[in-house]
Amino acid sequence: MFALVDCNNFYASCQRVFEPHLIGKPVAILSNNDGCVIARSNEAKALGIPMGAPAFEYKKLFEENNVFVYSSNYALYGDMSSRVMNILSSFSPDIEVYSIDEAFLKFQGFERFDLGEYGLKIQRTVTKGTGIPISVGFAPTKALAKVANKIAKKFPERTKSVYVIDTEEKRIKALKWTNIEDVWGIGRKHAKRLQSIKVANAYQFTQLTDEWVRKEMSVVGLRLKHELQGIPTLDLEIAKDKKMIATTRSFDKMHTKIEDISERVATFTASCAEKLRRQNSHCNMIMVFVHTNGFRKDQPQYSRNIVIKTDFPTNSTIELNHYAQIGLQQIFREGYHYKKAGVIVMGLTPNNQTQLSLFSSSNPKHQPLMSVVDKLNKSIGQTKVRFASQSVGRQWKMKQEKLSPCYTTKIKDLIQIQL
Amino acid sequence: MKLISTHITPTLEFYTPDFSTEVELPYIDAGLRAGFPSPADDFIEISIDINKEYIKNRDTTFFAKVKGNSMVNAGIFDGDLLIIDKSLEPQNDKIAVCQIDGSFTVKRIKIEKDLVWLIAENEDFKPIKVTTENDLIIWGIVTASIKKF
């Protein structure tokens, strides 16, 4: 059996642990640079604030409804997440941390356990110990555990936030209740295609033939079908390296000059390269993109990206920045107000499987240099050692006007209790 | 590991401190010199790790700074750093961090049938009676208070 444990409204719940006056009030958390809403409490959802709502468009609604708005505080969320995950790992030896607020647990040899009871114990221990409310869904497969979790979350009174799919009857009932577009792993395109052939829920999806699913949705879709039928095909994934690495940001103000954007691109490239080196990989493609502010209908709009194949696999900041700058030169156009840029490195291969090129290769002198830079930055913290093309001033600090204190990670930010 | 007291007076108890939280290496020195081995060698392991002593449940322990004087008789003063374990069950006479009607406070708790008393440790403050009308959450149990001089 698998369990999916999911923290309810995680970011908003983290704020509430340390700010009890927020309980029962609408809370919204903004993305990096305070751009748009990325997390909402149930009360904020009820006000009709959608995911991704641009902060400036909803300012009036926030004020009129006394919505508590916060910048995202990743120091706080990261610390609370690791506390939750550590506690979860005391309940099962096999755990896959799926995202900052979700984890799959595997229960092998737990046949004699009443999982419903065990789930309640997990739920109580985490919620009591951290203040973060969670929902737990048990099922024979990961995809079904996702469905069970959704039921636990949707009906907290009836399920006490724990639901177990352990009979055929429960499985079918749960699948009939799950809309096809809400099934884990079914994207918008496939959902549309399935709806067009009258497949509206997950149960109807499992009634399709294997041949049809394989033909229309590849082996990935077929695996999902089997998972929903209760045949386990997916095991826990233990910390796999990433397939691509992206660093993208909205700017705190709009920029028109290539020098400013060039510096941003250099900084994003340095961050991607550092992440590549951390997971011992090289890349052979780099994508650079820029775009204007789509919400400013009064201004001319422009957006472009370019993918450049490197001549050889590399993870050197210097070499990657060389390609990134060539790319930027090609897509940059004068006369626009740019709001966002980003760098994505792709075609990752582990260091030990790097294919050498006949005529050119990564400069071998860069490897020791990069490892010194990484070591220095690790020991003195932050990105103190930078390349000259990167920013040096404070000019680019992330916009976090509504940042809450880092209650758990900075001693000067601890909660103060008036006695 | 247990606290090993080395000297007890009527008012104070002394312990040997451990300054080496992360260092696991034993100190082996006796073999280098000739002569009578130090009798202290047998007691090298008598050491205390402050982290382990004061934090039993790492994932559920939080710190908070004290403001105010309502708990001075319990030895909690303005500016102290409280160690709070959220996982502990509330019990009579424990000092707890409470959320009452949306704000934090620290008081000694007395649980009676249908009501809870939040008792200050300072004659100037009256006990607070908490009934079902109020919104009370016992947020965590105070396990220690740290004072810097």
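Reader: In this predicted model, which residues is A:I180 in contact with, leaving aside its neighbours within four places in sequence?

Author: Contact is judged by heavy atoms within 4.5 Å. Leaving aside neighbours within four places in sequence, A:I180 is in contact with A:I186, A:A191, A:L194, A:Q195, A:V199, A:A200, A:N201, A:A202 and A:F205.

Reader: Where does A:I180 lie, and is A:I180 buried or exposed?

Author: A:I180 lies in the loop between helix 8 and helix 9 (188-196) of chain A. A residue counts as buried under 20% relative accessible area. The relative accessible area of A:I180 is 0%, so this residue is buried.

Reader: Which residues of helix 6 of chain A meet helix 8 of chain A?

Author: From helix 6 of chain A come A:L144, A:V147, A:K150, A:I151 and A:K154; they meet A:R171, A:A174, A:L175 and A:W177 of helix 8. By class, this contact has six nonpolar, three charged and no polar residues.

Reader: What span should helix 12 of chain A have?

Author: The expected span is 1.5 Å times one less than the number of residues. Helix 12 (residues 258-278) of chain A has 21 residues and should therefore span 30 Å; its end C-alpha atoms are 30 Å apart, which agrees. This helix is mostly covered, with 15 of its 21 residues buried. After helix 12 of chain A comes A:N280, whose phi is positive, near 55 degrees.

Reader: How many Å apart are the end C-alpha atoms of helix 4 of chain A?

Author: They are 20 Å apart, which agrees with the 21 Å that the 15 residues of helix 4 (residues 74-88) of chain A should span. The buried residues of this helix include A:L76, A:Y77, A:M80 and A:V84.

Reader: How many helices and strands does chain B have?

Author: Chain B has one helix and nine strands, in the pattern β-β-α-β-β-β-β-β-β-β along the sequence. Of the 149 residues in chain B, 30% are buried.

How values were computed:
Residues are numbered from 1 along each chain as its sequence is written. Chains are lettered from A and ligands numbered from 1 in the order in which they are written. This is a predicted model: local features need pLDDT of at least 70, side-chain atom pairs count only at pLDDT 80 or more; totals for chains, interfaces and linings use all residues. Side-chain values use heavy atoms; hydrogens and water are left out. Helices (H or I, at least four residues) and strands (E, at least two) are DSSP runs, numbered from the N terminus. Ala, Val, Leu, Ile, Met, Phe, Trp, Tyr, Cys and Pro count as nonpolar, Asp, Glu, Lys and Arg as charged, and the others, Gly among them, as polar. Buried means under 20% relative accessible area, exposed over 50%, partly exposed in between (1.4 Å probe, protein chains only).
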